[in-house]
Amino acid sequence: MAAAVGTTGCGDGQAPIRIGALFPLSSAATTLAKEQLAGVDIARQLVNEDGGVGGRPIELDVRDLPSADRAGSVVGQLRDAGVTAVIGAYSSDLSIAASAATANAGLVYWEAGAVADRVTGRGLPTVFRVGATGGNLGTNTARFTVEQLAPRLHRDPSQLRVSIVEADDEYAHSVAGAATVTATAAGMHIVSTSLYNPGAPRWQPVLDAVRAAAPNILILVSHIPDGVSFVHAMRATGLHVDAFIGSTMAECVPEFGTLAGSDAVGVFASDRPGTGFDPGTLRPEGRALYSRLAQKWQERLGGTPTEEGLSGFSAAWTLFHEVLPRAQAHGTLDPAGISAAARQVDLPEGSLPNGAGVRFASSTDRMGQNLRAAAVIWQWQGVGHSVVVWPSEYATGTIRLASAGG
């Protein structure tokens, strides 16, 4: 599947700048992937309405990427079609493969949402990510526990016992690894770690291990279906902890709340900003940009921008509005020029509509990772109702512990 997305708003006769877009448009992840792609395309539309890049409109060459093993061939098609940069690819397994294939093809890869550390952890000089890493989400989970939960539980961090339940994949390992390191450094005790197959989880041995470990804090790193399944299984067994943190994006999307119902109430989630995010916390330019995004989102899809939409838009806006004009001004829109321009971007936190700023790392272990990515802690406080509870500058509600553990 290939589709070119239009070029409204720029002068006639200007050759478009073609950007590849890889998303799983024919898989189980289609709904959320399309939200992320919608955010990307709204960024394209707004930049074109503002005159494009030096008068040249941006055009998206959209390709379906249903599985990681297709990455090489689809990227090859985009290279042959004349693109110099590729944005994608929603999920970590796809993004790891797509970013490697894109870098091998000599093109720029621009991550729109996936969080696995490996995407920007391989020292690839043409790979960039504006959003948070799994490490960011895991670190935030532990920091939130130390700074907010421990005082409310009237315990020193050294008195907290933590169990971690994680899916056995790159994404979950990124999150759980960072949570483990940060929690241990703060004096907390990791009393059990349980791995499971996210495609076919067996919860009884996992729950038996957690019960035997007797934790105060339970950290779950999952995807949406297995996260919902775990919460139902945990509630059904009567297992209780003082606080349950879904250290993953899965636990804060509306689908999780709908499927989990009352079993979700009390659960925290470490994630990127999304639906319900307060744009009043942003810098003036960030608020103005959020307003433009929200208007286009309402016209296209109804409602307010979703987490995936915010992530896709913020990533694409950085590429289309901040990076490409810099590369154009220096006379080159080839991959080397785009990469060099990306490293010049320096935006303070709150500049983007998801609360982030932008400054890309240059060290090999994080090359191309945005050091000013935004991440927050959500909590489900009613059936279908969640709020941001931390950090305080992004909060739309306050922490409740009464029902947090079951």
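In which segment is proline 391 found? Proline 391 is located in the segment after E13, where helices (H or I, at least four residues) and strands (E, at least two) are DSSP runs numbered from the N terminus. A cis peptide bond, with omega of about -5°, joins tryptophan 390 and proline 391. The structure is a predicted model, in which local features need pLDDT of at least 70 and side-chain atom pairs count only at pLDDT 80 or more, while totals for chains, interfaces and linings use all residues. Residues are numbered from 1 along each chain as its sequence is written, and side-chain values use heavy atoms, with hydrogens and water left out.

Most residues other than glycine have a negative phi, and most peptide bonds are trans. Against this background, a cis peptide bond is also found between glycine 88 and alanine 89, with omega of about -10°. Alanine 89 belongs to the loop between strand E4 (85–88) and H3. Tyrosine 90 lies in the loop between E4 and H3 and has a positive phi of about 75° although it is not a glycine. With a relative accessible area of 14%, tyrosine 90 is buried (buried means under 20% relative accessible area, exposed over 50%, and partly exposed in between, with a 1.4 Å probe and protein chains only). Alanine 214, likewise not a glycine, has a positive phi of about 50°. Alanine 214 is placed in the loop between helix H6 (203–213) and strand E9 (217–221) and is partly exposed, at a relative accessible area of 46%.

The interior was examined in terms of nonpolar cores, each a set of buried Ala, Val, Leu, Ile, Met, Phe, Trp, Tyr and Cys residues joined through side-chain atoms within 4.5 Å. The largest nonpolar core has 105 residues, of which Trp110, Phe230, Phe320 and Leu324 touch the most other members. Helix H10 (residues 307–329) gives the most to this core, contributing 10 residues. Apart from it lies another core, of 18 residues, which includes Val86, Leu107, Tyr109 and Ala116. Contact was taken as heavy atoms within 4.5 Å. When neighbours within four places in sequence are left aside, leucine 324 is in contact with Ile17, Ile19, Val53, Ile58, Leu319, Leu333 and Ile338.

Helix packing was described by axes, which are lines fitted to C-alpha atoms, for helices over the stretch in contact, with angles from 0 to 180 degrees between N-to-C directions. The axes of H1 and H10 come within 7 Å and cross at roughly 35°. This crossing of H1 and H10 is right-handed (a crossing is right-handed if the near helix is turned clockwise from the far one by less than a right angle, and left-handed if anticlockwise). Residues making the contact include Gly39, Ala43 and Val47 of H1 and Gly312, Ala316 and Phe320 of H10. Valine 47 lies in helix H1 (residues 30–49) and counts as buried at 3% relative accessibility. Valine 47 and phenylalanine 320 are 273 residues apart in sequence, yet 6.9 Å apart in space, C-alpha to C-alpha.

Helix H9 (residues 284–300) packs with H10 at an angle of about 125°, the axes being 12 Å apart. H9 is therefore oblique to H10 (angles under 35 degrees count as roughly parallel, over 145 as roughly antiparallel, 65 to 115 as roughly perpendicular, and the rest as oblique). Leu289, Tyr290, Arg292, Leu293 and Trp297 in H9 meet Gly309, Leu310, Phe313 and Trp317 in H10.

Aromatic rings of Phe, Tyr and Trp (its six-membered ring) pair if their centres lie within 6.5 Å; planes under 30 degrees apart count as stacked, over 60 as edge-to-face and the rest as tilted. By this rule the count is 10 aromatic pairs. Tryptophan 110 and phenylalanine 360 form an edge-to-face pair, 5.5 Å centre to centre with 80° between the planes. Tryptophan 110 lies in strand E5 (residues 108–111) and phenylalanine 360 in the loop between helix H11 (335–342) and strand E12 (376–382), so the pair ties together parts that are 250 residues apart in sequence. Tryptophan 110 is buried, at a relative accessible area of 0%, and phenylalanine 360 is buried at 7%. Phenylalanine 144 and tryptophan 390 form a tilted pair, 5.8 Å centre to centre with 50° between the planes. Ring pairs also link Tyr196, Trp203, Phe230 and Phe244 into a cluster.
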